[in-house]
Amino acid sequence: MPRLVPEPYRIKVVEPFRLTTRAEREAILTAAGYNIFFVKSEEVYIDLLTDSGTSAMSDAQWAGMMVGDEAYACCRNYYNLKGTISDIFGFRYFVPTHQGRAAEKVLFAAMLKPGDYVPSNTHFDTTHANIEAVGGHAVDLPIAETLVPTSRHPFKGNMDVERLRRFIADVGAQRIPLAMLTITNNSSGGQPVSLANVRAVKEVLAQYGIPLFIDACRYAENAYFIKQREAGYADKTTLEIAREMFSYADGCTMSAKKDGLVNIGGFLAMNDERLYQRASQLLVLWEGFITYGGLAGRDLEAMARGLWEALDEKYLQHRIGQVHYLAERLLEQDVPIVEPPGGHAVYLDARRFLPHIPQAQLPGQALVAHLYLEGGIRAVEIGSVMFAHKDKTTGEWKYPELELVRLAIPRRVYTQTHLDYVADVIIELYRKREQVRGMRYTYEPPFLRHFTARFEFV
Ligand SMILES: Cc1ncc(COP(=O)(O)O)c(C=O)c1O
């Protein structure tokens with residue numbers, strides 16, 4: 001039996017919730033067109049849809065909200081946040097934003113022109129979309145192991161440095177105004193990026209004068225993986241590791257809804273004063289004055305405090321321990337998952353879980369439906385519903401390589417008992433997997449299908 005270190009916090013406020021009956025869940029899911037996005041949160045027992053904006057804040061963060069200074073300009077909480085960003089990330093300038101994608105929108109509008117390229121280990125989908133929205137090209141250059149679900153590479157989130165070198169030679173440095181590293185690499189399963197990789201990427205970029213920006217939303221989890229896995233870092237603190245990671249970067253985007261341990265908030269930080277001035281102009285247009293950026297003073301304070309709390313090693317040990325505990329319990333019973341588990345989620349491999357269901361019958365979506373029906377658990381499909389598309393010339397369906405179901409663990413929200421419950425439901429479902437049928441669309445929207453599609457069992 002795997003072991004989990006005890007929670008490094010105790011519970012002061014509780015939010016009661018109820019497990020519905022199987023009959024209720026059948027009626028609920030049918031009414032929702034078998035799309036889990038349409039199920040009311042109150043009708044979900046364990047909500048593993050996302051780790052973004054779902055954290056439980058600490059007593060210190062709630063206390064911080066009471067010292068929110070709601071002045072329009074130059075509130076005290078802005079300066080507290082500025083101090084935190086300077087201490088942890090080391091950047092000279094920053095603008096607050098209401099969440100991560102707003103920071104991306106400002107960054108790319110300020111730095112890109114149509115036809116430019118932005119290489120990354122793997123862009124998150126909002127990053128990708130914000131680059132394309134201003135006419136740029138988002139390019140993913142992950143190492144080969146990233147796409148192999150059973151590869152146990154310790155830093156599966158790394159960028160392929162040789163591919164980066166070739167890419168710059170192919171398109172020319174003048175068409176690459178910046179490059180990015182997403183840490184941890186969410187789209188590859190929350191896999192970490194090593195410091196050696198950050199350093200190597202920076203070295204290549206520096207030869208061409210290309211700035212490096214880090215998508216920092218899971219910076220603390222990435223720092224903890226480096227401490228655990230990278231030679232020479234076991235005795236460093238996560239703060240020292242974070243400082244070194246960002247010392248190689250020229251700026252970062254941040255969705256504080258992850259390792260900022262808040263329900264809303266983000267920022268864009270940089271060293272270049274001219275970029276800061278351009279970003280400030282756009283911020284005033286889209287988000288608000290440069291000292292609040294679409295947030296209340298109290299939100300800035302909760303973020304300033306959360307960014308420090310996320311680096312607490314006892315917290316990180318438990319946090320990443322929870323994800324690994326759930327993964328170990330599933331692996332013990334041979335349930336197929338992406339290995340090794342990353343920092344914020346366990347990914348079920350739906351093609352191996354339900355080998356009798358062809359991709360055309362949406363095995364990931366069938367698994368999501370059954371997790372809800374069996375146990376009131378909400379997960380999200382990251383497979384054919386999200387990514388399959390028709391080939392423009394042949395009209396044939398192209399299915400993605402990976403057909404995954406993500407179980408994202410909110411920070412400080414669920415206990416070991418909840419995780420045991422989730423594991424038990426999945427293991428039981430795996431035992432009777434032959435009974436699961438495939439699905440088909442009853443309504444298929446033209447884009448961003450997963451949010452609004454409706455389904456039925458075949
Ligand atoms: C790696 C990564 N970058 C950016 C974002 C966008 O952040 P937000 O949802 O706060 O806009 C996310 C959100 O999930 C993310 O995981």
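Predicted model: local features only at pLDDT ≥ 70, side-chain atom pairs only at ≥ 80, totals over all residues.

Author: What follows goes through helix pairs, then voids, then the backbone.

Reader: At what angle do the axes of helix 6 and helix 7 cross?

Author: Start with the terms. Helices (H or I, at least four residues) and strands (E, at least two) are DSSP runs, numbered from the N terminus. Axes are lines fitted to C-alpha atoms, for helices over the stretch in contact, and angles run from 0 to 180 degrees between N-to-C directions. Here, helix 6 (residues 161–171) and helix 7 (residues 195–208) have axes that come within 10 Å and cross at roughly 15°. Therefore helix 6 is roughly parallel to helix 7. Angles under 35 degrees count as roughly parallel, over 145 as roughly antiparallel, 65 to 115 as roughly perpendicular and the rest as oblique.

Reader: Which residues of helix 6 and helix 7 meet?

Author: Contact means heavy atoms within 4.5 Å. From helix 6 come Val161, Leu164, Arg165 and Ile168. Their partners in helix 7 are Asn197, Ala200, Val201, Val204, Leu205, Gln207 and Tyr208. By class, this contact of helix 6 with helix 7 has eight nonpolar, two polar and one charged residues. Ala, Val, Leu, Ile, Met, Phe, Trp, Tyr, Cys and Pro count as nonpolar, Asp, Glu, Lys and Arg as charged, and the others, Gly among them, as polar.

Reader: How do helix 8 and helix 9 pack?

Author: Helix 8 (residues 219–229) and helix 9 (residues 238–247) pack at about 110°, their axes 9 Å apart. So helix 8 is roughly perpendicular to helix 9. Helix 8 brings Tyr219, Asn222, Ala223, Tyr224, Ile226 and Lys227 to the contact. Helix 9 brings Thr238, Ile241, Ala242, Met245 and Phe246. The contact of helix 8 with helix 9 divides into eight nonpolar, two polar and one charged residues.

Reader: How many cavities of 30 Å³ or more does the count give?

Author: On a 1 Å grid over the protein atoms alone, a cavity is a set of points where a 1.4 Å probe fits but cannot get out, and a pocket is an open set with protein on both sides within 12 Å along at least five of seven lines; lining residues have an atom within 4 Å of a point. Grid points are joined across faces, edges and corners, and a volume is the space filled by probe spheres set on the points. The count is one cavity of that size. The largest cavity holds about 60 Å³. Its lining includes Asn35, Phe37, Glu381 and His450. Helix 14 (363–375) and strand 11 (380–382) each supply at least two lining residues.

Reader: What volume has the second largest pocket?

Author: About 1,500 Å³. Of its 38 lining residues, Val13, Glu15, Ala56, Arg412 and Val413 lie nearest the centre.

Reader: Where are the cis peptide bonds?

Author: Most residues other than glycine have a negative phi, and most peptide bonds are trans. In this model, a cis bond joins Ile183 and Thr184, with omega about -20°. Another cis bond joins Glu339 and Pro340, with omega about -15°.

Reader: What is the phi of Cys74?

Author: Cys74 has a positive phi of about 60°, though not a glycine. Cys74 sits in the loop between helix 2 and helix 3 (76–88).

Methods
Residues numbered from 1 in each chain as written. Heavy atoms only, no water.
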